[in-house]
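Dear colleague,

Please find below the structure that I am handing over to you. My findings follow directly after it.

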Amino acid sequence: MQPRDRLSFSAITKRPALRFPSGIRLVVWPVLALEEWDISRSMARMVISPPQGQPQLPDMPNWSWHEYGMRVGFWRLRKMLGQVGAKPTVTLNARVCETYPEVVEACVENGWELNAHSYDQVPMHKFGPGLTQTYETLDYLAEAGVEYIGDWVLDDEPVTLKTTHGSVVALPYNFELHDIVMMALQHHPSEMMP
């Protein structure tokens with residue numbers, strides 16, 4: 001099924017206003033990525049370019065950047081999210097459960113939702129992290145019981161996508177608000193983060 005076959009076109013200017021309960025006007029979906037990066041492979045993302053543009057193995061600087069996130073960054077974010085009463089969806093590589101069980105236990109203790117994000121963080125064109133899919137990915141996800149995705153950047157409102165096994169809701173996800181895009185790729189200062 002082609003992507004356009006999964007939902008009808010709908011101009012946002014011609015839809016009825018989206019109404020939330022209790023007069024809520026805006027919903028923010030905090031998403032926190034917890035990823036496992038295998039130092040024996042090229043890093044899935046780089047905060048610092050390799051010398052002379054040649055990828056290196058092991059890539060200690062970029063692997064260390066990831067490790068810092070698990071050792072320090074996660075715990076600071078956890079504290080801040082607790083202070084503001086936010087419960088994020090955690091996009092979690094399954095391997096994080098094996099390598100960083102204390103981090104996963106902290107998520108569960110806080111009542112955060114765990115969201116499947118592959119086994120580990122590798123560039124996978126056929127299925128997995130990196131917003132990559134085949135034409136059949138949604139069908140497989142629906143068949144496995146997945147109810148929503150955050151991979152389709154096509155609307156400001158949740159939309160229902162048809163699959164061969166029922167439907168899947170696509171929640172709005174904006175690349176332009178993504179921290180990696182804003183800071184590591186577009187080189188904006190941290191003050192630009194909303």
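In this predicted model, ring pairs join Phe-74, Trp-75 and Trp-112 into a cluster. The count of aromatic pairs comes to 4. One of them is formed by Trp-37 and Trp-65, whose rings are edge-to-face at 5.8 Å centre to centre, with 70 degrees between the planes. This pair links distant parts of the chain, 28 residues apart: Trp-37 sits in the loop between E1 and H1, and Trp-65 in helix H1. Trp-37 is buried, at a relative accessible area of 5%, whereas Trp-65 is partly exposed at 31%.

Phe-74 and Trp-112 are likewise an edge-to-face pair, at 6.1 Å centre to centre and 70 degrees between the planes. Because Phe-74 belongs to helix H1 and Trp-112 to the loop between H3 and E3, the pair ties together parts 38 residues apart in sequence. Phe-74 is buried at 2% relative accessibility, and Trp-112 is buried at 6%.

Helix H3 spans residues 101-109, with Val-103, Val-104, Ala-106 and Cys-107 buried. Viewed down the axis of H3, these buried residues fall within an arc of 155 degrees, so they line one face of the helix. They pack against strands E1, E2 and E3 and helices H1 and H2. Glu-102, Val-108 and Glu-109 are exposed on the other side of H3. Just after H3, Gly-111 adopts a positive phi of about 75 degrees.

Finally, the second largest pocket has a volume of about 320 Å³. Its lining comprises 13 residues, with Leu-7, Ser-8, Phe-9, Ser-10 and Leu-154 nearest the centre. By class, 7 lining residues are nonpolar, 2 polar and 4 charged.

Yours sincerely

Conventions. Residues numbered from 1 in each chain as written. Predicted model: local features only at pLDDT ≥ 70, side-chain atom pairs only at ≥ 80, totals over all residues. Heavy atoms only, no water. 1 Å grid on protein atoms, 1.4 Å probe; cavity = no way out; pocket = protein on both sides within 12 Å on 5 of 7 lines; lining within 4 Å. Points joined across faces, edges and corners; volume = space filled by probe spheres on them. Nonpolar A, V, L, I, M, F, W, Y, C, P; charged D, E, K, R; others polar. Buried < 20%, exposed > 50% of the residue type's maximum accessible area, 1.4 Å probe, protein only. Helix = DSSP H or I, 4+ residues; strand = E, 2+ residues; numbered from the N terminus. Arc of directions from axis to C-beta. Contact = heavy atoms within 4.5 Å. Phe/Tyr/Trp six-rings, centres within 6.5 Å; stacked < 30°, edge-to-face > 60°.
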